[in-house]
Amino acid sequence: MNIILLGPPGAGKGTQAERLVERHGLKQLSTGDMLRAAVKAGTPVGLQAKAIMDAGQLVSDDIVSALIGDALDAMGPDQGAIFDGYPRTAPQATSLDAILAARGRRLNHVIELDVDEDALVERITGRFTCASCGKGYHDRFEQPAVAGTCDRCGGHDFKRRPDDNEETVRTRMAEYRAKTAPILPIYEAQGIVAHIDGMAPMDDVTAAIEAVIA
Ligand code: AMP
C-alpha cells in the first residue's frame, strides 16, 4: 500500500503518519524530516536547503525527488510507504509517478486533511518536541504531565523547529495554496482522493483514515 498524506503545514500529517506506521507497518517518508536530518548532518543537500527551509519556501524538486527515490530503494519491496510532505508541486507529482512505476509500485490513496488556516497557525507556533525521543507536545493542547520532563522517555530537553514561527508558517501556507493544492486534481482524476476533516479530534481523524484504507 502506498499513500500520500496531503495538507498544509500543521494539518496533522506527521501524527497520522506515525499512527499508520504503528498499525500497518508502513514506512513514513517525510521529505521535511529527511531535509532536517541533512541540515543537522551538514551534508551538501542540507547546506543548500537550510536557508530555504528557514524562510518557509520550497526546496528544489530535484533534491526532494532524489531523497524519495533513495528512501524507497532502502526499503523492502513489499513494505508500503506513506508520503508525508511530498509531493508538494506538480513536477514532484510527475516525478513520483515515474519513481513508483520504476519500482513496480502504485499509489493506492491520496488523503487530504482539510483544515482552517488560522487555527493551524496556533497549532504550529505552539508545538515542540522532546529532543531525545521526538515525542510531540503543544504549549496549549498537550503539555508534559510533569513540567519539563518528557512523558515518554523522561528527557529534559525540548526543541522547536526554527520554521515554526508565525511569519514563516504563513509563507509555508501560501506555498501550499499556490503550489501543492493544485496537484489534487491530478489525483482526483484517478479517483483516489479522500478528503478528511483535519480539524476533528486526532482519534477521529485516524478513524476516518482507517476507513479509507480498509
Ligand atoms: P515539513 O516538515 O513537511 O513542513 O517541511 C519543512 C520544510 O522543508 C518546508 O517548508 C520546505 O522548505 C522543505 N520541504 C519539505 N518537503 C518538501 C518538498 N516535498 N518540496 C520542497 N520543499 C520541501
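Trainee: In which helix is threonine 180 found?

Mentor: This is a predicted model: local features need pLDDT of at least 70, side-chain atom pairs count only at pLDDT 80 or more, and totals for chains, interfaces and linings use all residues. Residues are numbered from 1 along each chain as its sequence is written, and side-chain values use heavy atoms, with hydrogens and water left out. Helices (H or I, at least four residues) and strands (E, at least two) are DSSP runs, numbered from the N terminus. Threonine 180 is in the run of residues 166–180, helix H7.

Trainee: Is threonine 180 buried or exposed?

Mentor: Look at relative accessible area: buried means under 20%, exposed over 50%, partly exposed in between (1.4 Å probe, protein chains only). Threonine 180 has 2%, so it counts as buried.

Trainee: Which residues does threonine 180 touch?

Mentor: Contact means heavy atoms within 4.5 Å. Leave out residues up to four places away in sequence, and threonine 180 touches Leu6, Pro87, Arg88 and Glu175.

Trainee: Where is glycine 80, and is it buried or exposed?

Mentor: Glycine 80 sits in the loop between helix H4 (61–73) and strand S3 (81–84). Beyond four places in sequence, its contacts are Met1, Asn2, Leu26, Lys27, Met75 and Arg105. Its relative accessible area is 5%, so glycine 80 is buried.

Trainee: How many Å separate the C-alpha atoms of glycine 12 and leucine 120?

Mentor: Glycine 12 is in the loop between strand S1 (2–6) and H1. It touches Leu113 and Arg123, not counting residues up to four places away in sequence. Glycine 12 and leucine 120 are 108 residues apart in sequence, yet C-alpha to C-alpha the gap is 9.5 Å.

Trainee: What is the C-alpha separation of arginine 177 and proline 8?

Mentor: Arginine 177 is in helix H7 and is partly exposed, at 47% relative accessibility. Apart from residues up to four places away, it touches Glu117 and Pro182. Arginine 177 and proline 8 are 169 residues apart in sequence, and in space they are separated by 8.0 Å.

Trainee: How many salt bridges does the count come to?

Mentor: Side chains of opposite charge can pair when their charged atoms come close. The rule for a salt bridge is a side-chain nitrogen of Lys or Arg within 4 Å of a carboxyl oxygen of Asp or Glu. The count comes to 17.

Trainee: Which residue pairs with aspartate 203 in a salt bridge?

Mentor: Aspartate 203 is exposed, at 53% relative accessible area. The N to O distance of its salt bridge is 2.8 Å, and the partner is arginine 19.

Trainee: How many residues apart in sequence are the parts that this pair ties together?

Mentor: Aspartate 203 lies in helix H9 (residues 202–213). Arginine 19 lies in helix H1 (residues 13–24), so the parts tied together are apart in sequence by 184 residues.

Trainee: How far apart are the centres of the positive and negative side chains?

Mentor: Lys and Arg count as positive and Asp and Glu as negative; His and the chain ends are not counted. Each charge is placed at NZ of Lys, CZ of Arg, CG of Asp or CD of Glu. The chain has 23 positive and 31 negative side chains, and the centres of the two sets are apart by 3 Å.

Trainee: What radius of gyration does the chain have?

Mentor: The radius is taken over C-alpha atoms, and the globule rule is 2.2 Å times the number of residues to the power 0.38. For 214 residues, a compact globule would come near 17 Å. The chain agrees, at 17 Å.

Trainee: What percentage of the residues count as buried?

Mentor: The chain comes to nine helices and eight strands. Among contacts with a separation of 6 or more, 68% are between residues 24 or more positions apart. Of the 214 residues, the buried share is 43%.
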